[in-house]
Amino acid sequence: MNIPKKMKAVVLMGPSKVEVQDVETPVPGPQDVLINVQATAVCGSDVSLIAKPWEAQPPYGSFIIGHEYAGIVAAVGSTVDEFQVGDRVAVEASYGCGRCRNCRLGYYTACLNYGNRQRGHRANGFTTNGGFAQYAVNHINTVHKIPDSVEFNEAALITNLGCILYGFQTVGGYVVGDSVAVVGPGPLGLVSVGVARALCAGKIFLVGTRDSRLQMGKAMGADRLININQEDAVEVIRRETQGMGADLVIESSGATTGPQMAVEMCKRMGKVLLVGYPEEPAPVNFSMMGMRNVHIFSVRGEGWANCGRGISLLSQGRISLKPLATHSFPLGQIEEAFRTFTERIGGAIKVIVHPNA
Ligand SMILES: [Zn+2]
Ligand SMILES: [Zn+2]
């Protein structure tokens, strides 16, 4: 592949200010690959860190954002024989540092050297440059080959699937026949429904406020849609689980009322998994949690190489992320892409940017 010295990239210039610039094309290190980026998805995390910097974020004027992307290997580092030029790949954001205890155990999204470049920490699109660019460099541990049957728009969403699989792993994973309630039909909530279906859960409830999003959840595999403007979700779930509550509740709404609602709709000894987090402190009745012996878990990002497992689900047709990729834009229209995502213009769920279009 003929690699140009300069490339176009979206650089964060200040709070809520992004700019498409010509920058140096990055060069892969010995254990890296250079990826010709074909599709990069806009994520709520991007919106958040554009508005207000996250922990260990690179300085304004040098930081290329974007962590959900897929593309074609354009060059490989000096020691890399795991990948070849031309391979179609999807990436996960976090390499971690590779040397702390959490990284060694597979919990690299909770790296103990988070943001410490000296110690090798990398999380593309968070603490190192990401994928709203024509090219990106990734450590090979963060790169996964995808089959021809998986298109780039879908592959760009792999971290969403990896995150939810990591969540299911964290809560014990074995949900065959269990009732699952998902609160909040955003991208992660919809993926949660799809994963619960793929893992042969029993009855799957989806709780939300917008009928269009709830209908999308039905397409992903939800059995019972609950619009909280019309029904009391806790009451419905208790009633339709013989008064017990759901075995697993996944809170992905990020609303301050979400965690308490999750505890209330969970059965005794059941589990609550948090994947959406309110900015403000959320009131939870811990006494109720204790009396009902409910367990609460949280995950950040996609640990334990779960993105690789996600590709297995995609390639076997057990789940499809295609319906979530509702809109796409070229790199030059990055601001319009973000606006479409944040304002949900035209029913937008996930917005994809094509840096090399
Ligand atoms: Zn994301
Ligand atoms: Zn680490």
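1. Let's start with one pair of residues: L274 stands opposite S298 in β16. Bear in mind as you read on that this is a predicted model. The strands behind that pair are β15 (residues 266-274) and β16, which run parallel to each other and share four bridges.

2. Stepping back, β15 and β16 belong to an open sheet of six strands with parallel pairing, in the order β13-β12-β11-β14-β15-β16. The edges are taken by β13 (224-227) and β16 (295-298); each has a single partner strand, so one side of each is left without a neighbour in the sheet. From one strand to the next, the twist averages 20°. As for helices here, α6 (residues 211-220) lies across β12 (204-208) and β13, and the angle it makes with β13 is about 165°.

3. There is also an open sheet of three strands, this one with antiparallel pairing, ordered β2-β1-β4. Why do β2 and β4 each have a side without a neighbour in the sheet? Both β2 (17-24) and β4 (63-64) stand at the edges with a single partner strand each, so one side of each is left open. Eight antiparallel bridges join β1 (residues 6-14) to β2. To find your way along that pairing, look for M7, whose bridge partner in β2 is V23. Helix α1 (residues 44-51) packs on this sheet and touches β1, β2 and β4, with its direction at about 60° to that of β1.

4. With the buried cut-off set at under 20% relative accessible area, H67 counts as buried because its value is 4%. E68 is buried too, at 2%.

5. On to the rings. Two aromatic pairs turn up. W54 and F126 make a stacked one, 5.5 Å from centre to centre and with 25° between the planes. W54 sits in the loop between α1 and β4, while F126 is in the loop between β8 (122-123) and β9 (135-139), so the pair ties together parts that are 72 residues apart in sequence. Are the two partners buried or exposed? W54 is partly exposed, at 28% relative accessible area, whereas F126 is buried, at 9%.

6. Elsewhere, look at R88, which lies over the face of F152 at 4.4 Å from the ring centre.

7. Leaving aside residues up to four places away in sequence, Y166 touches Y107, T109, V299, R300, G301, E302, G303, W304 and N306. The relative accessible area of Y166 is 8%, so this tyrosine counts as buried. How far is Y166 from N36, C-alpha to C-alpha? The two are 27 Å apart in space and 130 residues apart in sequence.

Conventions: Residues are numbered from 1 along each chain as its sequence is written. Chains are lettered from A and ligands numbered from 1 in the order in which they are written. This is a predicted model: local features need pLDDT of at least 70, side-chain atom pairs count only at pLDDT 80 or more; totals for chains, interfaces and linings use all residues. Side-chain values use heavy atoms; hydrogens and water are left out. Two strands pair if DSSP finds at least two bridges between them. Helices (H or I, at least four residues) and strands (E, at least two) are DSSP runs, numbered from the N terminus. Contact means heavy atoms within 4.5 Å. Axes are lines fitted to C-alpha atoms, for helices over the stretch in contact, and angles run from 0 to 180 degrees between N-to-C directions. Rings of Phe, Tyr and Trp (its six-membered ring) pair if their centres lie within 6.5 Å; planes under 30 degrees apart count as stacked, over 60 as edge-to-face and the rest as tilted. Buried means under 20% relative accessible area, exposed over 50%, partly exposed in between (1.4 Å probe, protein chains only). A charge sits over a ring if NZ of Lys or CZ of Arg is within 6 Å of the ring centre and within 35 degrees of the ring normal.
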